[in-house]
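Hi everyone, thanks for making time. Let me put the model up on the screen, and then we can walk through it together.

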Amino acid sequence: MNRTEALRILGLDGDVSLDDIKAAYRETAQILHPDRFAGNKKLQDRATEQFKNLQDAYDTLMGKGSRARASAGDGSAASHRASGLSEEREIEARLAGIAAARVQLAAQRDALSDERRNGVSFLVIGGIAALLCGRSAKGLLLAVAALATAAAVWGAVQAVSAQRGIGMLDARLSELADEKGKLLARLDELK
């Protein structure tokens, strides 16, 4: 992974300090941590993959061995300010982390929308095929009707599961929007 890609993953520009990188990483890691999606295995798997990418980006930007030194601090806002990171820069780094997390959560939501659409398609096609084949008493048509019914049931389960995941992601995106609004208001107060 190169520096430009790592900065993009963290939602940062090219001219950032190590403290900015650390703050953006911590904020994004809190938002995308796989444990936040423990109720949905599919979302948790995606979050795990994105979390690995986030860690790779952080390692790339911090260099080898820096990660252990960075995690040795207490991670508090006071320690950031003590190391030269003003509250304004800390808020900007958190906003960058939120922006990066929103992009990744939106990508997850788009993938679930595709799964929901596929599930609804299977439901409709399987239902129609089951109805058409179910009218005949011939053995082959009964087998096709059974397969069509199974496809319809599978489609319904997939559509409902995807809708649940979309609801979780929409709630998380709403929380991020609220947090972003609060941070922007605080940033305006500081300026």
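**The largest pocket**

Let's start with the lining: Gly11, Leu12, Asp13, Asp15, Val16, Asp20, Arg89, Glu92, Ala93 and Ala96 surround the largest pocket. Before I go on, a word on what we are looking at: this is a predicted model, where local features need pLDDT of at least 70, side-chain atom pairs count only at pLDDT 80 or more, and totals for chains, interfaces and linings use all residues. Residues are numbered from 1 along each chain as its sequence is written, and side-chain values use heavy atoms, with hydrogens and water left out.

The volume is the space filled by probe spheres set on the points, which are joined across faces, edges and corners. On that basis, the largest pocket holds about 210 Å³ of space.

Which helix gives the largest share of the lining? That is helix α6, residues 87-134, with four residues. By class, the lining has four nonpolar, one polar and five charged residues. Here Ala, Val, Leu, Ile, Met, Phe, Trp, Tyr, Cys and Pro count as nonpolar, Asp, Glu, Lys and Arg as charged, and the others, Gly among them, as polar.

**The overall fold**

Helices here are DSSP runs of H or I with at least four residues, strands are runs of E with at least two, and numbering goes from the N terminus. Of the 191 residues in the chain, 35% count as buried. Buried means under 20% relative accessible area, exposed means over 50%, and partly exposed is in between, with a 1.4 Å probe and protein chains only.

**Helix α1**

Now to helix α1, residues 3-10, where Ala6, Leu7, Ile9 and Leu10 are buried. Seen down the axis of α1, these buried residues fall within an arc of 160°, so they line one face of the helix. The arc is that of the directions from the helix axis to the C-beta atoms. Thr4 and Arg8, on the other side of α1, are exposed.

Both ends of this helix have something to show. At the start of α1, a side-chain oxygen of Asn2 comes to within 3.3 Å of the backbone nitrogen of Thr4. Just after α1, Gly11 takes a positive phi of about 75°, and Gly11 is also one of the residues in the pocket lining.

**Salt bridges**

Next, the charged pairs. Side chains of opposite charge can pair when their charged atoms come close. The rule used here asks for a side-chain nitrogen of Lys or Arg within 4 Å of a carboxyl oxygen of Asp or Glu, and the count comes to nine salt bridges.

Lys41 and Asp45 form one of them, at 3.1 Å from N to O. Both sit in helix α3, residues 41-62, four residues apart, about one turn of the helix. Lys41 is exposed at 57% relative accessible area, while Asp45 is partly exposed at 39%.

Glu189 and Arg186 meet in another salt bridge, 3.0 Å from N to O. They are three residues apart in helix α7, about one helical turn. Glu189 is exposed, with a relative accessible area of 56%, and Arg186 is partly exposed at 30%.

What does the salt bridge between Asp170 and Arg109 tie together? The two side chains meet at 3.1 Å, N to O. Asp170 lies in helix α7, residues 139-190, and Arg109 in helix α6, so the pair ties together parts that are 61 residues apart in sequence. Asp170 is partly exposed at 33%, and Arg109 is partly exposed at 26%.

There is also a network of salt bridges linking Glu27, Arg94 and Glu179.

To finish, Gly181 lies in helix α7 and is partly exposed at 38% relative accessible area.

From C-alpha to C-alpha, Val160 and Gly119 are 8.3 Å apart in space and 41 residues apart in sequence.

Conventions: On a 1 Å grid over the protein atoms alone, a cavity is a set of points where a 1.4 Å probe fits but cannot get out, and a pocket is an open set with protein on both sides within 12 Å along at least five of seven lines; lining residues have an atom within 4 Å of a point. A polar contact is a pair of N or O atoms within 3.5 Å; within protein, one must be able to donate a hydrogen and the other to accept it, and residues adjacent in sequence count only if both atoms are side-chain atoms.
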